[in-house]
Amino acid sequence: MAEYNFREIEQKWQEFWKDKGTFKAEVDPNRPKFYSLDMFPYPSGAGLHVGHPLGYIASDIVSRFKMLKGFNVLHPMGYDSFGLPAEQYAIQTGQHPAITTEQNITRYTEQLKNIGFAFDWDREVRTSDPAYYKWTQWIFMQLFNSYYDQEADKALSIGSLISRFEKEGNASIKAVCDDDTPTFTASEWDGFSEKEKQEMLLKYRLTFLAETTVNWCAALGTVLSNDEVKDGFSERGGHPVERKKMMQWSMRITAYADRLLQGLEKVDWSEPIKEMQRNWIGKSIGAEMVFQVKNSDKSIKVFTTRIDTIYGVTCLALAPESDLAAELITEEERATAEAYIKVAKNRSERERMSDVKTISGAFTGSYAINPFNDEEIPIWIADYVLAGYGTGAVMAVPAHDERDYNFAKHFGLEIRQVIEGSMENGSFPGKGGLIINSGFISNLYMKEAMEKAIEFLEEKGIGKGKIQFRMRDAIFTRQRYWGEPLPVYFKDELPYLIDEKDLPLVLPEVDKYLPTEDGEPPLGRAKDWTYKTADGEYPLELSTMPGWAGSSWYFFRYMDPKNDSVFADKAKTDYWGAVDLYIGGSEHATGHLLYSRFWTKFLYDLGVVSIDEPFQKMINQGMIQGRSNFVYRLKPLLKGGGEGNPEEKAILPMIFVSKGIHEKIQGKSLNEAEKTEIELKFKSIFEKLNPQIDYWGLLKIDTSAMHVDVNIVHNDQLNLDKFKAWRPDLADAEFILEDGKYSCGAEVEKMSKSKYNVVNPDDIIERYGADTLRLYEMFLGPLEQFKPWNTNGIDGVFKFLKKLWNLYHPGSGDFAVSDAPASKEELKVLHKAIKKLEEDMANFSFNTSVSSFMICVNELTALKCNKREVLEPLAILVSPYAPHIAEELWALLGHSTSITTASFPEFNEEYLVESNFEYPVMINGKMRAKLNLSLSLAVSEIEQAALADANVQKWLEGKAPKKVIIVPGKIVNLVV
RNA sequence: GCCGGGAUGGUGGAAUAGGUAGACACGCAAGACUUAAAAUCUUGUGAGAGCAAUCUCGUACGGGUUCGAUUCCCGUUCCUGGUACCA
């Protein structure tokens, strides 16, 4: 009697795969490659929950499918193991983050192995491993040694830039550099001191030190990213955060802005993700021009995308932060304007953002001259202008821009229409419309007007056409301990790279993981954190790299994870190429996915890899949300507000009411019996208090919801014994039930420890096995859709596996397959499944595949089929989804090698060919009859047959149909 | 606000070059087996009307195109993801 014993089977095959090295991938030029990758996980202390493996299961299915299709599959897994949580834990406990990280990785790996993924574990990488971050540091050094040449449109070496400086200075060099870079000649360069030269080069390097405004959190001693700041406080810990200027390393990702934009055309990603990246890069084509301030030597530079509306400018608006704004304030306006600046500056960024409706601003008293018509334009200060974008100044055209319109309307400024159209509904952009009231560009259309206007600016030397990007350079340092040290030391306060032979620069030990007393990053605590060169000993950089450093190139390291002489051998990266399938969440759209593309393009420019887009095809799986359960505690309140006095409160009973009663209390619709039950529970308590007081009369009853562990709730019914075990402090609590049961409330929320709604895959595997977990996660719905986790349907999937097993173990339960040829009908069932599976795989529609497996097995069971000719291919078919049971069946069928070495069954159309079709016959578009007819019938014969049918005749009521629509093999429709 | 995605039975979902709405599964109900329970199996299950055959309604809502619309077009509501005044 061989039952489906998943525990035994799964353990057996996981060991087999490990011992035989089944998933070891090696370069093989004779086979086509397939690189399947999951987004790099951070090994958190909470371990894996059921949401994590969703994407891994999908990529595993595709990987195994590709193996069956003859591909050489690279399917690795590793850990993005530097990160804040381990450091935070270290600060609290003093435990070295390396130890915590190691423990977490061990747990993750164990959990992943239990699910039976086809990972090549020999290729595992960890970003916190010095053998790995040696190469992260190496890439940083290459960036430091490069600049972006706009003529070559690629990164070139700093060495070649120096030789050009020596020959011709920098006037004719088109390269991406800081805005404040001065022009110099070859002889001036020659005259620069070493320090001046280095300072100049820093303005060109692809990674550079610069003063940037950052979110500084003094309590945490670190800089936070925008999404780590909530309402001016740190998300973690709630410490105050201020905007502060600091010296930070940055990456000149803006140099690649255009190529990052164009590269999107080449990759097969979902349109929303591409769109997010496009918006993030934010390319605007326009013009930059200078307005002279009247009676002053000062000028204001603005960027505009609508230079065609230059004659409609009736105001210039400056950001409150700009220094110029303060300088332009005249005596008469000083009081109001300065007060406004103070208020506007003090408003937090979030306030300014969320409060779009309120229009505010102040007049400076100064005027600027529009060079096109010499008109005087008032200069205002307005907080809708951002200091960080463009030039921090806007030429307002109220007639054709909504924000400008609202501003002008609010302050009673002139609104001058310069494009033909109606102003009835306020401003209108009028893109492409006819220009009017605009001097020499009147009667032109947008494109031509813009060209003419830019020509005018260039002639007068007061402006030019310009492309502006929204994207900023990326800050590359964190004042943290648990990250890669930068391979940089300082001499005369200028940064220099350490020698390549000294890589990796290993993270030093420190006594505490906190900033030093004088505010230096934690590395400031390290002893001997210096670099020794021939001419002396110099301090090393104290900041570390951000989380995205290590994850920006890991997909190359998987190709050659142990190499010590290069980050990855070129022959290997050439063979494996780009990732063919990348599965992960869409939350990385503008972070990881942009930085990885940037570094890949840079490495491509260096010539060390041959691809410039790392991820060819990407699928974004939807998050699995948690489903929280609630219990409702009765909360007696003293009438007229306030709670009872502390003494009474302390002994008030813990009473939980079932969901229905909670709803009635909230809706004030309790019936008498329920009221009495509650009252009695309380009375027995009150009797022990002062019997003189009518407590009940003083109380009003309310309820409050409390999260309860979803693992002690089944079908929303609370297991009372388990509840008491879960919360021993509430073991004496009383419960008011409905129909003898306690019903819990439920809500869909993010899966999180604090909400007690985390479901662990280990529990599911323990109860049903990994194959059931894999199938069920897929069966839940389309991969890309967000969905709450619930185990309501898991029994059906488990039953399916048992039925599958029983096909190979008919009757008595012993393994038995017949070598007799399969019937036509049996083959049809099989090939229907093959066809569906191939289609689903092409569409990444895994849920429908599981359904078709079920249909297939149901039909074969009905046919009592146990023919090898059908069951052998069936095992292969199922193997990507449920690999353990498939391997076991494959072995029982007499094979000694892994099922992954089998070939995917060839689909044969012949078995699906039908001779007959049951035509739905519709009268006026409604299905009224069915007719089983031969598919070989001509249209006229079908019509005859349909009209001859008694049921059809009944509906026609003897009349001839007005119109007859016949689609052979599909439908018959008669219009009366 | 702007840009995406979505809304189908009690539940998860299936079906779009426009062609039988609700596959598959859960749940529920009835029955079989069992001393009993679990497991398993069988049958039924969108709503309403009817003894029944059958009929009417039905894919968020309101229109439209069509012989025929869950699918295409226009408008509305709600949910959800991203983004934050980008000149």
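These legends accompany close-up views of a predicted model.

**View 1. Domains of chain A.**
The domain assignment divides out four stretches of chain A. Domain 1 covers 283-469 and domain 2 covers 624-749.

**View 2. Helix 5 crosses helix 19.**
Helix 5 spans residues 130-144, and helix 19 spans residues 592-606. Their axes come within 11 Å of each other. They cross at roughly 65 degrees. Angles of 65 to 115 degrees count as roughly perpendicular, so helix 5 and helix 19 are roughly perpendicular to each other. The crossing of these two helices is left-handed. Helix 5 brings Thr136, Trp138, Ile139, Gln142 and Leu143 to the contact. From helix 19 come Phe598, Trp599, Phe602, Leu603 and Leu606. What classes of residue make up the contact of helix 5 with helix 19? Eight are nonpolar and two are polar. No charged residues take part in this contact.

**View 3. Helix 26 packs against helix 31.**
Here helix 26, residues 770-779, meets helix 31, residues 883-892. The axes lie 7 Å apart, and the packing angle is about 125 degrees. That angle makes helix 26 oblique to helix 31. Ala770, Asp771 and Arg774 are the contact residues in helix 26. Their counterparts in helix 31 are Pro883, His884 and Ile885. By class, the contact of helix 26 with helix 31 has three nonpolar residues, one polar and two charged.

**View 4. Strand 32 beside strand 35.**
This view shows one pairing within the sheet: strand 32 (residues 916-923) with strand 35 (residues 971-975). The two strands run parallel. How many bridges join strand 32 to strand 35? There are three bridges. Look for Met922, which stands opposite Asn973 in strand 35.

Conventions
Residues numbered from 1 in each chain as written. Chains lettered and ligands numbered in written order. Predicted model: local features only at pLDDT ≥ 70, side-chain atom pairs only at ≥ 80, totals over all residues. Heavy atoms only, no water. Axes fitted to C-alpha atoms, helices over the stretch in contact; angles between N-to-C directions. Helix = DSSP H or I, 4+ residues; strand = E, 2+ residues; numbered from the N terminus. Parallel < 35°, antiparallel > 145°, perpendicular 65-115°, else oblique. Left-handed = near helix turned anticlockwise from the far one by under 90°. Contact = heavy atoms within 4.5 Å. Nonpolar A, V, L, I, M, F, W, Y, C, P; charged D, E, K, R; others polar. Domains from an automatic or database assignment. Pairing = 2+ DSSP bridges.
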